[in-house]
Protein chains: 2
Amino acid sequence: MIEAAAINAVMRTLADPTRRAVFERIVGSDEITVVELTRGSGVTQGAISQHLKSLKQAGLVAERAQGRNVFYRAQPEGLAPLVDWMSHYGVFWHDRFADLRTLLKEIDP
Amino acid sequence: MIEAAAINAVMRTLADPTRRAVFERIVGSDEITVVELTRGSGVTQGAISQHLKSLKQAGLVAERAQGRNVFYRAQPEGLAPLVDWMSHYGVFWHDRFADLRTLLKEIDP
DNA sequence: CTAATACATTAGCCAATACTAATTAATTGG
DNA sequence: CCAATTAATTAGTATTGGCTAATGTATTAG
């Protein structure tokens with residue numbers, strides 16, 4: 001059975017456009033600081049920190065503190081619940097491949 | 001480039017647990033009416049209709065009116081934006097397969 | 001024809017939440 | 001040191017959004 005709480009957290013976290021944009025920028029860069037994320041985000045630094053907290057709680061990002069900087073990086077495994085959900089309820093894919101996860105494991109064991 | 005509006009709609013729509021549950025039930029059944037969806041949903045019929053409206057606007061479900069009943073069915077293509085997004089920003093899968101969509105097309109052309 | 005059923009829609013309420021502005025804490029450069 | 005930089009946190013505000021209750025509309029049963 002699928003972990004309802006995990007999917008809930010991930011979906012809910014990625015639903016907000018601003019927060020999703022933050023995540024996308026983190027994914028796009030190896031590591032990135034809060035100031036850099038704030039730059040051109042359209043919101044204040046405080047708002048960015050709040051979004052980062054949500055992303056962290058959802059398991060989508062990880063942090064590394066160094067000096068007065070905090071570097072954020074993407075935590076890809078955090079998207080696993082979404083993949084699971086897709087393979088279960090994504091009819092289109094489900095119909096074609098029965099189980100996406102199984103398929104992927106076969107390809108890359 | 002990815003259609004930001006489409007992803008936004010799909011993510012936002014699936015973020016709510018009640019609405020997602022409705023979608024999952026629709027996926028699970030070939031066709032299902034509003035009364036059936038209301039039964040055991042924990043919310044009123046009006047709420048269900050509202051959720052169905054959202055799901056329809058997001059392109060996730062389609063309807064077929066017959067007499068005084070309206071049958072809803074899943075529209076799998078509606079999840080395409082989510083798949084696209086995953087293949088772009090789902091680092092885990094991205095790293096392993098470069099492009100999930102390409103992979104799937106190779107398997108089932 | 002009338003009552004009941006199925007569904008959509010609306011107004012109004014309440015909780016959740018994204019944002020700002022301000023504060024705090026920690027680190028570093030001059 | 002001291003001022004500046006980086007980041008987190010908090011209180012307060014405004015908006016969003018999901019819910020109910022009620023109403024409206026169409027269809028079917030008796």
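The model I examined is a predicted one. I read the crossing angle of helix α1 (residues 4-15) and helix α5 (residues 80-89) of chain A as roughly 105 degrees, with axes that come within 8 Å.

I next listed the residues that make this contact. On the side of α1(A), I noted A:A6, A:I7, A:V10, A:M11 and A:L14. On the side of α5(A), I noted A:P81, A:L82 and A:W85.

**Entry on A:A58**

I located A:A58 in the loop that runs between α4 and β1 (61-66) of chain A. Is A:A58 buried or exposed? I found a relative accessible area of 13% for A:A58, which makes this residue buried, because the cut-off for buried is under 20%.

I then asked which residues A:A58 touches, leaving aside its neighbours within four places in sequence. I recorded contacts of A:A58 with A:A9, A:V10 and A:T13. A:V10 is also one of the residues that α1(A) brings to its contact with α5(A). I checked A:L14 as well: its C-alpha atom is separated by 9.4 Å from that of A:A58, although the two residues are 44 residues apart along the chain.

**Entry on DNA strand D**

I turned to DNA strand D and found that 25 residues surround it. The closest are A:V35, A:S49 and A:Y72 from chain A, and B:R12 and B:H51 from chain B. Of the atoms of DNA strand D that come within 4 Å of the protein, I noted that sugar and phosphate account for 68%.

I looked up individual approaches to phosphate oxygens of the strand. For A:S49, a polar side-chain atom lies 2.6 Å from a phosphate oxygen of DNA strand D. For A:V35, a backbone N or O atom lies 2.6 Å from a phosphate oxygen. For A:V34, the corresponding backbone distance is 3.3 Å.

I then recorded which elements give two or more residues to the surface near DNA strand D. In chain A these are α3 (34-38), α4 (45-57) and β2 (69-74), and in chain B they are α2 (17-28) and α4 (45-57). I found that α4(A) gives the most, with five residues.

Definitions and conventions: Residues numbered from 1 in each chain as written. Chains lettered and ligands numbered in written order. Predicted model: local features only at pLDDT ≥ 70, side-chain atom pairs only at ≥ 80, totals over all residues. Heavy atoms only, no water. Near = heavy atom within 4 Å. Polar contact = N/O pair within 3.5 Å; in protein donor to acceptor, adjacent residues only side chain to side chain. Helix = DSSP H or I, 4+ residues; strand = E, 2+ residues; numbered from the N terminus. Buried < 20%, exposed > 50% of the residue type's maximum accessible area, 1.4 Å probe, protein only. Contact = heavy atoms within 4.5 Å. Axes fitted to C-alpha atoms, helices over the stretch in contact; angles between N-to-C directions.
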